[in-house]
Amino acid sequence: MRAVVFETPGIENLKGIGKALLRKTVEGCRGKFEIIVLEVLATNTVAKRLYQSMGFRTYGVLPGGVKRADRYIDVELMYLRLV
Ligand SMILES: CC(C)(COP(=O)(O)OP(=O)(O)OC[C@H]1O[C@@H](n2cnc3c(N)ncnc32)[C@H](O)[C@@H]1OP(=O)(O)O)[C@@H](O)C(=O)NCCC(=O)NCCS
(Lines give C-alpha, C1' and ligand atoms only; values in the text may rest on other atoms or scores of the structure.)
Protein backbone atom coordinates (compact mmCIF):
# COMPACT_ATOMS: atom_id res chain seq x y z
CA MET A 1 0.00 0.00 0.00
CA ARG A 2 1.26 3.51 -0.77
CA ALA A 3 -0.14 6.48 1.06
CA VAL A 4 0.09 10.00 2.39
CA VAL A 5 2.19 13.04 1.72
CA PHE A 6 2.97 14.07 5.26
CA GLU A 7 2.37 17.78 5.78
CA THR A 8 1.30 20.24 8.46
CA PRO A 9 0.51 23.29 6.28
CA GLY A 10 0.12 26.63 8.01
CA ILE A 11 0.41 25.21 11.49
CA GLU A 12 4.17 25.20 11.71
CA ASN A 13 3.93 27.27 14.89
CA LEU A 14 2.25 24.39 16.68
CA LYS A 15 5.43 22.61 17.60
CA GLY A 16 5.11 18.87 17.90
CA ILE A 17 2.12 18.41 15.59
CA GLY A 18 4.15 16.66 12.86
CA LYS A 19 5.65 14.20 15.30
CA ALA A 20 2.25 13.57 16.91
CA LEU A 21 0.66 12.87 13.50
CA LEU A 22 3.49 10.57 12.45
CA ARG A 23 3.39 8.70 15.78
CA LYS A 24 -0.37 8.18 15.34
CA THR A 25 0.19 6.96 11.76
CA VAL A 26 2.91 4.51 12.83
CA GLU A 27 0.84 3.18 15.72
CA GLY A 28 -2.13 2.74 13.37
CA CYS A 29 0.05 0.59 11.11
CA ARG A 30 1.21 -1.73 13.90
CA GLY A 31 -0.46 -5.11 13.67
CA LYS A 32 -1.50 -4.44 10.07
CA PHE A 33 1.85 -3.97 8.32
CA GLU A 34 5.37 -5.26 8.90
CA ILE A 35 7.27 -2.36 7.38
CA ILE A 36 6.70 1.26 6.38
CA VAL A 37 8.70 2.75 3.52
CA LEU A 38 8.74 6.37 2.46
CA GLU A 39 10.51 8.77 0.17
CA VAL A 40 11.77 12.20 1.19
CA LEU A 41 13.73 14.84 -0.67
CA ALA A 42 17.35 14.65 0.47
CA THR A 43 17.26 18.43 0.94
CA ASN A 44 14.29 18.25 3.35
CA THR A 45 16.29 18.18 6.58
CA VAL A 46 13.30 18.95 8.81
CA ALA A 47 11.26 16.00 7.52
CA LYS A 48 14.31 13.69 7.57
CA ARG A 49 15.02 14.58 11.21
CA LEU A 50 11.38 13.93 12.05
CA TYR A 51 11.45 10.49 10.41
CA GLN A 52 14.83 9.63 11.98
CA SER A 53 13.55 10.64 15.41
CA MET A 54 10.74 8.08 14.97
CA GLY A 55 13.22 5.34 14.07
CA PHE A 56 13.16 5.49 10.26
CA ARG A 57 16.47 4.58 8.62
CA THR A 58 17.80 5.38 5.15
CA TYR A 59 18.29 2.39 2.84
CA GLY A 60 19.11 4.18 -0.38
CA VAL A 61 19.17 7.30 -2.49
CA LEU A 62 17.64 7.78 -5.92
CA PRO A 63 19.99 10.32 -7.52
CA GLY A 64 18.09 13.20 -9.12
CA GLY A 65 14.81 11.42 -8.42
CA VAL A 66 12.74 14.60 -8.55
CA LYS A 67 12.92 17.48 -11.02
CA ARG A 68 11.86 20.87 -9.75
CA ALA A 69 12.26 23.99 -11.89
CA ASP A 70 14.95 22.37 -14.03
CA ARG A 71 16.84 21.25 -10.94
CA TYR A 72 17.28 17.59 -10.06
CA ILE A 73 17.03 16.69 -6.38
CA ASP A 74 18.06 13.38 -4.79
CA VAL A 75 15.30 11.32 -3.18
CA GLU A 76 16.11 9.47 0.02
CA LEU A 77 14.42 6.11 0.64
CA MET A 78 13.62 5.32 4.28
CA TYR A 79 12.05 2.43 6.17
CA LEU A 80 10.74 1.55 9.60
CA ARG A 81 10.33 -2.10 10.62
CA LEU A 82 7.29 -2.72 12.77
CA VAL A 83 8.06 -6.34 13.69
C1 LIG B 1 7.84 17.87 7.99
C2 LIG B 1 6.69 18.41 8.85
C3 LIG B 1 5.45 17.49 8.67
C4 LIG B 1 7.14 18.35 10.34
O5 LIG B 1 6.07 18.75 11.15
P6 LIG B 1 6.31 19.76 12.37
O7 LIG B 1 5.01 19.90 13.08
O8 LIG B 1 6.97 20.98 11.85
O9 LIG B 1 7.39 18.95 13.25
P10 LIG B 1 7.46 18.83 14.84
O11 LIG B 1 7.32 20.18 15.48
O12 LIG B 1 6.54 17.76 15.33
O13 LIG B 1 8.99 18.33 15.04
C14 LIG B 1 9.32 17.00 14.75
C15 LIG B 1 10.80 16.87 14.48
O16 LIG B 1 11.11 17.46 13.22
C17 LIG B 1 12.41 18.08 13.31
N18 LIG B 1 12.24 19.53 13.15
C19 LIG B 1 11.10 20.26 13.30
N20 LIG B 1 11.33 21.56 13.01
C21 LIG B 1 12.65 21.63 12.68
C22 LIG B 1 13.51 22.70 12.27
N23 LIG B 1 13.07 23.95 12.14
N24 LIG B 1 14.81 22.40 11.99
C25 LIG B 1 15.28 21.12 12.10
N26 LIG B 1 14.52 20.08 12.49
C27 LIG B 1 13.23 20.33 12.78
C28 LIG B 1 12.97 17.76 14.67
O29 LIG B 1 13.67 16.53 14.61
C30 LIG B 1 11.69 17.56 15.47
O31 LIG B 1 11.86 16.73 16.60
P32 LIG B 1 12.33 17.37 18.01
O33 LIG B 1 11.46 18.55 18.27
O34 LIG B 1 12.12 16.24 18.99
O35 LIG B 1 13.76 17.75 17.81
C36 LIG B 1 6.31 19.89 8.52
O37 LIG B 1 7.46 20.70 8.70
C38 LIG B 1 5.77 20.10 7.11
O39 LIG B 1 4.56 20.02 6.90
N40 LIG B 1 6.70 20.35 6.15
C41 LIG B 1 6.30 20.61 4.76
C42 LIG B 1 5.87 19.31 4.04
C43 LIG B 1 6.94 18.24 4.06
O44 LIG B 1 8.13 18.50 3.92
N45 LIG B 1 6.47 16.97 4.27
C46 LIG B 1 7.35 15.81 4.22
C47 LIG B 1 7.22 15.12 2.89
S48 LIG B 1 8.24 13.69 2.80
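The following legends describe close-up views of a predicted model of one protein chain.

**Figure 1. Overview of the protein chain and confidence of the model.** The protein chain holds 2 helices and 3 strands; helices (H or I, at least four residues) and strands (E, at least two) are DSSP runs, numbered from the N terminus. Read from the N terminus on, these elements follow the order α-β-α-β-β. Residues are numbered from 1 along each chain as its sequence is written. Because the model is predicted, local features need pLDDT of at least 70 and side-chain atom pairs count only at pLDDT 80 or more, while totals for chains, interfaces and linings use all residues. The mean pLDDT (the predictor's confidence in each residue, from 0 to 100) of the protein chain is 91, and 84% of its residues reach 70 or more. Among the elements, the lowest mean pLDDT belongs to α1, at 95, and the highest to β3, at 98.

**Figure 2. Helix α1 and the residue that follows.** Helix α1 comprises 13 residues, 17–29. From its first C-alpha to its last, α1 reaches 18 Å, close to the 18 Å expected at 1.5 Å a residue; the expected span is 1.5 Å times one less than the number of residues. Just after α1, G31 adopts a positive phi of about 90 degrees.

**Figure 3. Strand pairing on the two sides of β3.** Strands β1 and β3 run antiparallel and are joined by 7 bridges. In this pairing, V37 stands opposite Y79 in β3. Strand β3 (residues 71–81) also pairs with β2 in the antiparallel sense, over 8 bridges. Here R57 is placed opposite Y79 in β3, and K67 opposite Y72 in β3.

**Figure 4. The turn between β2 and β3.** Strands β2 and β3 form a hairpin with 2 residues between them. Although A69 is not a glycine, its phi is positive, at about 50 degrees. D70, likewise a residue other than glycine, has a positive phi near 70 degrees. A69 is exposed because 4 other C-beta atoms lie within 10 Å. D70 has 5 C-beta neighbours inside 10 Å and therefore counts as exposed. By definition, a residue is buried if 20 or more other C-beta atoms lie within 10 Å of its own, exposed if 12 or fewer, and partly exposed in between, with C-beta atoms placed from the backbone.

Figure 5. Y59 lies in strand β2. This residue counts as exposed because it has 10 C-beta neighbours inside 10 Å. Not counting residues up to four places away in sequence, Y59 touches L77, M78 and Y79. The C-alpha atoms of Y59 and L77 are separated by 5.8 Å, although these residues are 18 apart along the chain. Strand β2 is hardly covered, since the count of buried residues among its 12 residues is 0. In a regular strand the side chains alternate between the two faces of the sheet.

**Figure 6. Burial and contacts across the protein chain.** Of the 83 residues in the protein chain, 7% are buried. Among contacts between residues at least 6 apart in sequence, 52% join residues at least 24 apart.

Terms used
Pairing = 2+ DSSP bridges. Contact = placed C-beta atoms within 7 Å.
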